[in-house]
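Hi,

Here is the structure I promised to pass on to you. Have a look at it first, and then read on for what I found in it.

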Amino acid sequence: MSPAKNPALATASFFQSPAAGRIQKTTEVRGLAALLMPMHTAPMSRSLPPSLAYLEDPATVAELSARYQRDGFLVIPDVLPLEDCAAMMQRATQLVDDADLGDALSVFSTTEQTRTTDEYFLSSGDQIRFFFEPSCVGPTAQLTRPRSLAINKIGHALHDLDPLFAQKSRLPALEAVTRLVGLVSPLLLQSMYIFKAPGVGGEVVSHQDATFLYTEPMTCTGLWLALEDATLENGCLWALPGGHRLGLKRRFVRTPGGGTAFECLDEAPFPEAQMVPLEVKAGTLVVLHGLLPHRSGENRSPRSRHAYSVHLVESAAHYPAENWLQRRPGSALRGFAQ
Ligand SMILES: O=C(O)CCC(=O)C(=O)O
């Protein structure tokens with residue numbers, strides 16, 4: 001059921017602003033949200049490029065929306081122009097090359113590795129942080145290959161902190177697609193630039209994004225953009241058609257001791273054999289329902305597979321304080337308005 005049609009969304013009794021970390025009664029927050037985020041509720045007027053105008057054609061919207069409800073994902077080619085893909089790749093590589101990697105690499109060397117890794121990760125929700133492939137870090141926390149070939153991902157707030165990614169994360173086409181899948185007033189919660197470097201790019205095991213970005217009701221939606229062709233060889237996405245109806249299997253939560261844990265809700269494994277590969281061209285958008293099981297393979301090929309993903313949640317949904325991703329006070333989430 002789409003969030004727009006979900007009666008639970010209209011009647012949810014509490015709302016916690018992920019940005020402000022406060023819990024308020026819905027009635028109060030609706031008023032507050034209107035004051036804090038007037039742009040989110042304003043009618044959309046940003047126009048789509050002519051080649052993507054079909055995304056607002058009523059018949060196409062109805063068909064894509066029905067397909068999304070049925071499968072839990074959509075594959076929409078040619079959403080991102082190739083020059084945008086190139087610009088984003090260049091910018092990500094520059095960020096990695098220019099980064100001060102002190103903390104990013106020291107997490108590999110400390111004797112308290114779990115604690116420091118947790119800290120570096122858990123405080124990355126409103127930061128630009130760098131996460132490396134463990135196989136590319138030597139015994140004294142030094143990289144064993146050039147940075148841009150050893151990096152796993154950048155997370156988790158490029159969409160707010162880097163001007164280029166802020167703009168590309170809010171393209172009118174992405175906004176149109178979120179309306180099409182039923183989001184009403186989405187906030188951009190998390191972004192990840194995933195490198196899947198040649199030869200070393202790690203596997204991403206089957207998961208549901210709502211495990212990590214849980215809201216009540218479930219509103220998490222992933223927008224995954226291929227910046228390069230994604231193939232079986234270089235570790236394309238795999239998804240389970242209709243798997244969003246299986247229900248949430250796990251939640252990833254902060255624990256009182258300062259770490260994280262998975263809370264099991266359903267022990268049944270994902271039916272991995274029913275997953276289908278999503279081989280796509282650069283510029284393709286894959287929309288992922290937050291409950292859809294998906295994964296990606298290792299990259300043992302000589303070609304990289306760069307991708308950029310943004311995850312959205314409804315502003316009116318409840319965002320629990322135990323979710324791993326929290327923002328510092330003053331670092332408010334934003335919607336599609338620039
Ligand atoms: O790009 C990948 O390999 C995995 C991405 C993913 O699972 C996600 O964005 O939710």
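Before the details, one convention: two strands count as paired if DSSP finds at least two bridges between them. Please also keep in mind that this is a predicted model.

Strand S10 (residues 250-254) and strand S11 (residues 260-264) run antiparallel and are joined by five bridges. Within that pair, Val-253 stands opposite Ala-261 in S11. Five residues lie between the two strands, and Gly-258 of this hairpin has a positive phi near 105°.

Now the overall picture. The protein chain contains twelve helices and 15 strands. It has 338 residues, of which 39% count as buried. Among its contacts with a separation of 6 or more, 83% are between residues 24 or more positions apart.

**The seven-stranded sheet**

Seven strands make an open, antiparallel sheet in the order S3-S13-S8-S15-S6-S5-S4. Strand S3 (73-76) and strand S4 (128-132) are the edges; each has a single partner strand, so one side of each has no neighbour in the sheet. From one strand to the next, the twist averages 20°. As a reminder, strands of a sheet pair through backbone hydrogen bonds, either parallel or antiparallel.

Helix H5 (residues 82-98) lies across S4, strand S5 (151-156), S6 and S15, and runs at about 95° to S5.

**The four-stranded sheet**

A second open sheet has four strands in the order S7-S14-S9-S12, again with antiparallel pairing. What stands at its edges? Strand S7 (204-207) and strand S12 (276-278) do, each with a single partner strand, so one side of each is left without a neighbour. Neighbouring strands in this sheet are turned by 25° against each other on average, direction ignored. Strand S9 (residues 237-239) is antiparallel to S14 and is joined to S14 by three bridges. Trp-238 sits opposite Arg-295 in S14.

**A helix and the residue after it**

Helix H4 (residues 58-71) has 14 residues and spans 20 Å from its first C-alpha to its last, close to the 20 Å expected at 1.5 Å a residue. Just after H4 comes Gly-72, with a positive phi of about 85°.

**Backbone spots to check**

Most residues other than glycine have a negative phi, and most peptide bonds are trans. With that in mind, here are some places to look at in the model.

- The peptide bond joining Gly-155 and His-156 is cis, with omega about 0°. His-156 is found in strand S5.
- Another cis peptide bond runs from Glu-216 to Pro-217, with omega near -10°. Pro-217 is in the loop between helix H12 (209-212) and S8.
- Asp-78 is not a glycine, yet has a positive phi of about 60°. Asp-78 lies in the loop between S3 and H5.
- Ala-141 is also a residue other than glycine with a positive phi, near 65°. Ala-141 lies in the loop between S4 and helix H8 (147-150).

Asp-78 has 15 C-beta neighbours inside 10 Å, so Asp-78 counts as partly exposed. Ala-141 is partly exposed because 16 other C-beta atoms lie within 10 Å.

Key: Residues numbered from 1 in each chain as written. Predicted model: local features only at pLDDT ≥ 70, side-chain atom pairs only at ≥ 80, totals over all residues. Axes fitted to C-alpha atoms, helices over the stretch in contact; angles between N-to-C directions. Expected span 1.5 Å × (residues − 1). Contact = placed C-beta atoms within 7 Å. Buried ≥ 20, exposed ≤ 12 C-beta atoms within 10 Å, placed from the backbone.
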